[in-house]
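The model is a predicted one.

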Amino acid sequence: MKNKNIKHIMFAVECVVLILLVVMLGHSVNKANRLSVETEALKAEVENLKEQIKKADEEKAAREEAAKEQEKKAAETQAVTAEPTPTETPIPTPTKAPTPTPEVYLTDLSGANPGEIIDDALIDPYDIGKYFTSTMIAEGDEIFNRIIDRSFRYNDNIALSDLRYIKLLHRNYDGQTQVGELIVNAAIEADIIDIFTQFYLNGYQIYSMYLIDNFWAGDGDSSDYASIDVNNTSAFCYRTVTGSSNLSNHAYGLAIDLNPLENPYVRIGDDGYGTSAHANAQAYNNNRSSAEMPHVIDHEDLAYQLFSQYGFTWGGDWNNPKDYQHFQKEFG
Ligand SMILES: [Zn+2]
């Protein structure tokens, strides 16, 4: 009996041990299962992190690539802007000092007509003298045909051979270079060329310079009036002094009338007030000042200063009448 009991107890113990084992096994399996699931989750997380790192690396590489590209482009742009710098322009090595190219400048005024405007770029600044020329007048030539029986007629006082035709440049009232002409006595041709060259170089403005024959009105006095009325500068005209039988200095080619509109021939009345024959010149009869009025000749004006330097006298210094446009040179 005792043995039977022992057997029963043993069996029960075995059973309990077995149950315990089963329970423990179940636990282990459970745990293993749980661990395996956790491992999977961790693995997935590691994969995910790896993916993120890869992405971040790719993004970094792309950023670096873009930065490099930008740097390259900037360098190229700099190279393009830097291209036309003077240091890169081939500089010719001249063997001697640069000289003006003659073909771009006007060689003389032979092809230019009085009154013509000349482009300043065509004027040779190194040889201005070729645009201020004096020539003799010969019977039958172009100038002779313009003046015969007009400003010139055969007489006992002045011969054709005493006269010179001067072609020159002057600045007009717009400051442009304009071709002018003048007939003067051979005795003052050099003075006139010097003075008018100085006028041109100093930008002194002269309205126009045509021979008085361009305004011929039948006789010397009327033609003189017509020329003055359009502010024309002129010199020679074989005529008497206005209102007299004496020959004018213009008849010898020894007098010149400059910008006559702003510099009229003025008679001073008893009231001390000046009047002139030209309606368009009234503003210039009295209270004259070259500082305030363009083209007015007074003692401060370049015209007065240059002409007196060359020995000419000025009609503005006469007492009455006053001839503000008039400069003349007397000999002997
Ligand atoms: Zn005069």
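## Helix H5

Helix H5 spans residues 302–309, and its buried residues are Ala303, Tyr304 and Phe307. Viewed along the axis of H5, these buried residues fall within an arc of 95 degrees, so they line one face of the helix. An α-helix has 3.6 residues a turn, so residues three or four places apart point the same way. Gln305 and Gln309, on the other side of H5, are exposed.

The cover over the buried residues of H5 includes helix H3 (189–201) as well as strands E8 (313–314) and E10 (326–328). After H5 comes glycine 311, which has a positive phi, near 85 degrees.

## The largest nonpolar core

The largest nonpolar core comprises 48 residues, and those touching the most other members are Leu182, Ile183, Val184, Ile192, Ala235, Phe307 and Phe327. Two or more residues are given to this core by each of helix H2 (142–147), strand E3 (163–171), strand E4 (177–185), H3, strand E5 (255–257), strand E6 (265–268) and H5. In soluble globular proteins, nonpolar side chains tend to be buried together.

Leaving aside residues up to four places away in sequence, valine 184 touches Arg164, Ile166, Glu189, Ile192, Ala235, Phe236 and Gly253.

## The chain as a whole

Five helices and ten strands make up the secondary structure of the chain. The chain has 332 residues, of which 27% count as buried. Among contacts with a separation of 6 or more, 56% are between residues 24 or more positions apart.

Notes
Residues are numbered from 1 along each chain as its sequence is written. This is a predicted model: local features need pLDDT of at least 70, side-chain atom pairs count only at pLDDT 80 or more; totals for chains, interfaces and linings use all residues. A residue is buried if 20 or more other C-beta atoms lie within 10 Å of its own, exposed if 12 or fewer, and partly exposed in between; C-beta atoms are placed from the backbone. Helices (H or I, at least four residues) and strands (E, at least two) are DSSP runs, numbered from the N terminus. The arc is that of the directions from the helix axis to the C-beta atoms. Two residues are in contact if their C-beta atoms, placed from the backbone, lie within 7 Å. A nonpolar core is a set of buried Ala, Val, Leu, Ile, Met, Phe, Trp, Tyr and Cys residues joined through C-beta atoms within 7 Å.
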